[in-house]
Amino acid sequence: MLNKHLEEIGLSILSLVVFIGLRLIVRTLISRQVQLYDFHLARAVYVRKFFDFIFFGLLLVVNFFIWDFSFKSIFASFFAVAGVALFANWSLLSNVTASVILFFNYPIKIGSKVKIIDGNDSVMGKVKDLSFFSIQIEDESGNIVSYPNNLALQKGIVDLNPHKDEF
């Protein structure tokens, strides 16, 4: 019995070390992106919180299995409710996921002049804000257009800022 508890404690400590290690690696990658593309720090905070939440959830699940927590009925009920909630909020989750992808793959930042190519509904202007859910673009008329991240990811984004080091 004592050996089992020592093993559970050791695995719990190992899972915590892995959690902290993954968190440091991801924070380093995020900091590198911020410095490389001169992103606004608020944008980095969004992405850090997203990964912290995901890693913490995984840490809890792993420790539930390590400690042999009997949560069969709780587990089934949770996934039934979560399944309905996720289906109902699919666009919100896709916007958050798209925000993280945009952070790492598109070097646009607040103040960049961009064009999102969407046929007759194309949007061009200056980026005012980048959040978990949308890109706020001020068009030439001074109107603020809120473009969902998941749609921006599916469309072409043209960075209209001149880059000195290219060509």
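Me: Which side chain does the side chain of Arg27 make a polar contact with?

Reply: The side chain of Asp52, at 2.8 Å. A polar contact is a pair of N or O atoms within 3.5 Å; within protein, one must be able to donate a hydrogen and the other to accept it, and residues adjacent in sequence count only if both atoms are side-chain atoms. This is a predicted model, in which local features need pLDDT of at least 70, side-chain atom pairs count only at pLDDT 80 or more, and totals for chains, interfaces and linings use all residues. Residues are numbered from 1 along each chain as its sequence is written, and side-chain values use heavy atoms, with hydrogens and water left out.

Me: How far apart are the C-alpha atoms of Arg27 and Asp52?

Reply: They are separated by 9.4 Å, and the two residues are 25 apart along the chain. Arg27 sits in helix α1 (helices are DSSP runs of H or I with at least four residues, strands are runs of E with at least two, numbered from the N terminus). Beyond residues up to four places away in sequence, Arg27 touches Arg48 and Asp52, where contact means heavy atoms within 4.5 Å.

Me: Is Asp52 buried or exposed?

Reply: Asp52 is buried, at a relative accessible area of 19%. Arg27 is partly exposed at 28%. The cut-offs are under 20% for buried and over 50% for exposed, with partly exposed in between (1.4 Å probe, protein chains only).

Me: How many salt bridges does the structure hold?

Reply: Five, a salt bridge being a side-chain nitrogen of Lys or Arg within 4 Å of a carboxyl oxygen of Asp or Glu. One of them joins the side chains of Arg23 and Asp52, with N to O at 3.0 Å. Because Arg23 is in α1 and Asp52 in α2 (residues 41-66), this pair ties together parts 29 residues apart in sequence.

Me: What about Asp38 and Lys109?

Reply: Their side chains also meet in a salt bridge, 3.5 Å from N to O. Asp38 lies in the loop between α1 and α2, and Lys109 in the loop between α4 (90-105) and β1 (113-117), so the parts they tie together are 71 residues apart in sequence. Asp38 is exposed at 54%, whereas Lys109 is partly exposed at 26%.

Me: And which residue does Lys128 form a salt bridge with?

Reply: Glu138, with the closest N and O atoms 3.1 Å apart. Lys128 is in strand β2 (residues 123-130) and Glu138 in strand β3, ten residues apart. As for shared partners, salt bridges join Arg23, Arg27 and Asp52 into one network.

Me: Switching to β3. Which strand does it pair with?

Reply: β4 (residues 144-148), in the antiparallel sense over five bridges; two strands pair if DSSP finds at least two bridges between them. Ile135 has Tyr147 in β4 as its bridge partner. The hairpin has five residues between the strands, and Gly142 takes a positive phi near 90° there.

Me: What does the side chain of Ser134 make a polar contact with?

Reply: The side chain of Gln136 at 2.8 Å, and that of Ser146 at 3.2 Å. Ser134 lies in β3 (residues 134-138) and is buried, at 9% relative accessibility. Setting aside neighbours within four places in sequence, Ser134 is in contact with Asp129, Ser146, Tyr147, Pro148 and Asn149.

Me: Overall, what does the secondary structure come to?

Reply: Five helices and five strands, in the order α-α-α-α-β-β-β-β-α-β from the N terminus. Of the 167 residues, 28% count as buried.
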